[in-house]
Amino acid sequence: MENQKNNNSLKAIIAVLAILLAGSLVYMYKISSDAKATETELVSDKESAMTQLTEMKTKLDEAIAENTSVSDELIAEREKVVKLMAELEKSKGDVATLRKVQQQYNALNARLKTLLAENEGLKTQNQTLMTQKDSMTVALDESRKFNDTLISQNENLSKTVEKASKLVVTNTKAEAIKERSSGKQIVTERARRADKLKVCFTIAQNAVAKSGSKNYYVQIIDSKNNVVGEKRTENFGEKTLTYSFVSTVAYNNESVNVCEFLEGQGVDFEKGNYFVNIFDKSELVSKTSFTLK
C-alpha cells in the first residue's frame with residue numbers, strides 16, 4: 001500500500017517536471033524566435049537608415065553642383081552625412097547605435113530642408129538675374145546696332161555733305177594773248193607773237209559750300225614738259241605740287257567767273273601743245289589744253 005503511494009507521488013513529480021520542461025522549451029523557443037525577429041528588424045532598420053543617408057548625400061551632391069552661395073554650408077553637411085554613414089557601416093546595428101543615427105539623421109534632415117529651400121530661392125533669383133541679363137544683353141545689342149546704324153548714316157551723310165559742298169570748276173579755257181600798245185588784247189596761236197597766257201574758268205554756284213577766300217593752283221606745262229611761270233612748290237600731306245601761279249577767289253556761294261594772266265616776262269613761249277591743270281590743293285578739279293604754232 002505504501003509502495004503504491006510512493007509510486008503515485010513519483011508519477012506526480014514526473015508529470016510536474018514534464019510540464020515544467022515543456023514550458024521551458026516553449027519559453028526558450030519564444031525567446032529564440034523573438035531574438036531572430038529582433039535581429040531581422042535591426043538589420044532592416046540599419047539598411048533603411050543607410051538608404052536614407054545615401055539619398056540625403058545624393059540630394060546634397062546635386063545641390064552642391066548648382067554652385068550657389070550656400071554651397072560651402074551644403075559641403076559641410078555632406079561631410080557630416082558621410083561620417084555618419086561610415087559609423088553606421090562599422091556598427092553592428094544595435095539599438096543604441098540606430099537610435100543615435102536616427103537622431104542625427106533627423107537633425108541633418110531638418111537642416112537640409114532649410115538649406116535646400118534657401119538654395120532653391122537662390123536658384124530662382126539667379127534665373128531671374130540671368131533672364132534680366134539676357135534681356136539687357138539683347139537690349140544693348142539692339143542699342144549697339146542702332147548706334148552703329150546711326151554712325152554709318154552720319155558718316156554717309158557727312159560724306160554726302162562733304163561731296164555736295166565741294167566747288168565745281170567748269171568752262172576752263174586757256175589761250176595765248178598779244179597785247180597792243182593801246183591795251184587791246186588779241187588772241188593768237190603764234191608762239192612768237194604771244195605776250196602772255198590767259199586762263200579762265202568758272203566756279204559754279206553751291207548753296208551748301210563754305211563761302212570765303214578760295215585758292216586755286218594753276219599749273220601750265222609746255223611742250224617740253226616744263227612748268228612755266230613761278231614754278232613754286234607746295235606740299236599737301238604726302239603730295240607735292242609744282243604750279244605756275246595761285247588764283248585767289250572771293251566766293252560767296254554764287255557762280256563766279258575767273259580770268260588770270262601769266263606774263264611772258266620777255267621770253268618767247270615755246271611752240272607746241274600746252275596743258276593747263278587747275279588744282280584745289282592737291283586735287284585736280286579741271287583741265288584744258290591749247291597749241292601754239
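Predicted model: local features only at pLDDT ≥ 70, side-chain atom pairs only at ≥ 80, totals over all residues.
Residues are numbered from 1 along each chain as its sequence is written, and side-chain values use heavy atoms, with hydrogens and water left out.

Now the strands. Strand β9, residues 272-280, runs antiparallel to β10, and 9 bridges join the two. Pairing takes at least two bridges found by DSSP. Strands are DSSP runs of E, at least two residues; helices are runs of H or I, at least four; both are numbered from the N terminus. The open sheet has 4 strands, in the order β7-β4-β9-β10, with antiparallel pairing. At its edges sit β7 (245-251) and β10 (283-292), each pairing on one side only.

Next, a helix. Which residues of α2 are buried? They are S71, L74, E77, V81, L84, M85 and L88. These cover an arc of only 135° around the axis, so they lie on the same side of α2. That arc is taken from the directions from the helix axis to the C-beta atoms. Buried means under 20% relative accessible area, exposed over 50%, partly exposed in between, with a 1.4 Å probe and protein chains only. The face turned away from the buried side carries exposed D72, K83 and K90.

Last, the disulfide: a pair of cysteine sulfur atoms within 2.5 Å. The whole structure has 1. C200 and C259 form it, with sulfurs 2.1 Å apart. C200 is in β3, C259 in β8, 59 residues apart. C200 is buried at 16%; C259 is partly exposed at 39%.
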